[in-house]
Amino acid sequence: MLYYLKEFSDLFGPFRVFESVTFRAMGAAISILLISFLLGPFLIRFLTRLKLGQPLRGKEEVHKLADLHESKKGTPTMGGVMILVNLFLACLMWGDIGNQYLWVALVPTLLLGGLGFIDDYAKIRQKKSDGLNSRQKLIGQMVIGLGVAIYLLQHPETQASATKLQIPFLKEDMFVVETGWYFVVPFFVLIIVGSSNAVNLTDGLDGLAAGCVIPVVGVLAVFAYTSSRTDASEYLLLTYLPGAEELVIFCAALGASALGFLWYNCHPARMFMGDTGSLALGGAIAVVSICVNQELLLVIIGGVFVMEAVSVIMQVGCYKITGKRIFAMSPIHHHFELKGWRETTVVTRFWILGIIFALMGLASLKLR
């Protein structure tokens, strides 16, 4: 809403500042952090009063892990609601609500958060660590991904860029693959489903998922900004995407929401994001990467999430084929826990890896 104050710049000159993407991005981030610091304690007390505590895996599954996490029992979950509310408010306050890129990123994020909320509620109601079954969650994620693909293909402004697949580290005029709807639709669904599930798998230790999302969002914001400018996109050999600057506002709001939540989620966590937050965060970075034509780059900058997902695939596949396990437990962060690493050590080292992967992605801007 504040974006439209620029229309009154003739009456009050300083209102022109609301035309600036960087100013609005900073405003969105700062306002969200302030809201998080003020409302976080109230949300924690509210969730605690409702007894919306996180059910833990039973001791019959993994004795040692259950013992390590025994103190977490009853910690309020569904903290992802704070992330979603902050994100929504920031986009309305600081974004151009007439921009399609803003809504194509925001709506799927909220829908995935809603799917996660249903899953979290089912876990709490049944007092088990399993909520919706995997098929139900997968169908919900696929429907949302399908909606994103259809929307982008149906609109002339996004259709041309949606059918382009850019290869990281190679310039646009050297290696951009032109694709059709028959490739785009299943590919976009795969990216959204894979990313949301990967972040969901990563959300197993205090602060791990939220801390690893922040550098990914930062890199995507840089690509959104450079792609939206004719001079920067031409210089950096990126696809020019007019209007994509509003994704910078979205990324700033998303990163600040994750950071504000991390204030309460760092060890020892006072609340968990649950599937409400993890599915939404994973879907959000997937949709933004699609919008800026950097789907393959997401595999690099989201390297921690890829590690987590691949560890589960390897563990399950190896056990079904050989009857033996590769890791002490999957996802891989639990493997290191069971090998004797402290929880804070695992989280900090994964954060460092996340920053390294993000820097590798930024390097692709110049290595073209």
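Which helix gives the most to the nonpolar patch? Helix α3 does, with 4 residues. Welcome to a predicted model, in which local features need pLDDT of at least 70, side-chain atom pairs count only at pLDDT 80 or more, and totals for chains, interfaces and linings use all residues. Residues are numbered from 1 along each chain as its sequence is written, and side-chain values use heavy atoms, leaving out hydrogens and water.

The helices here are DSSP runs (H or I, at least four residues), numbered from the N terminus:

| Helix | Residues |
|---|---|
| α1 | 21-49 |
| α3 | 80-94 |
| α4 | 100-126 |
| α11 | 274-291 |

Back to the patch: V85, F88, L89, M93, W103, V107 and L111 form it on the surface, with about 540 Å² of accessible area together. Patch members have over 30% relative accessible area and no salt bridge, and nonpolar side chains are joined within 5 Å; areas come from the Shrake-Rupley method with a 1.4 Å probe. Both α3 and α4 supply at least two residues each.

M93 lies in α3 and also takes part in the contact with α1 (heavy atoms within 4.5 Å). The axes of α1 and α3, lines fitted to C-alpha atoms over the stretch in contact, come within 9 Å and cross at roughly 145° (on a scale from 0 to 180 degrees between N-to-C directions). Contact residues include F23 and L43 of α1 and W94 of α3.

Finally, there are 6 salt bridges (Lys or Arg side-chain nitrogen within 4 Å of an Asp or Glu carboxyl oxygen). One pairs D275 with K123 at 3.6 Å, N to O, linking helices α11 and α4 across 152 residues.

How values were computed:
Patch = residues over 30% accessible without salt bridge, like charges linked within 9 Å, V, L, I, M, F, W, Y side chains within 5 Å.
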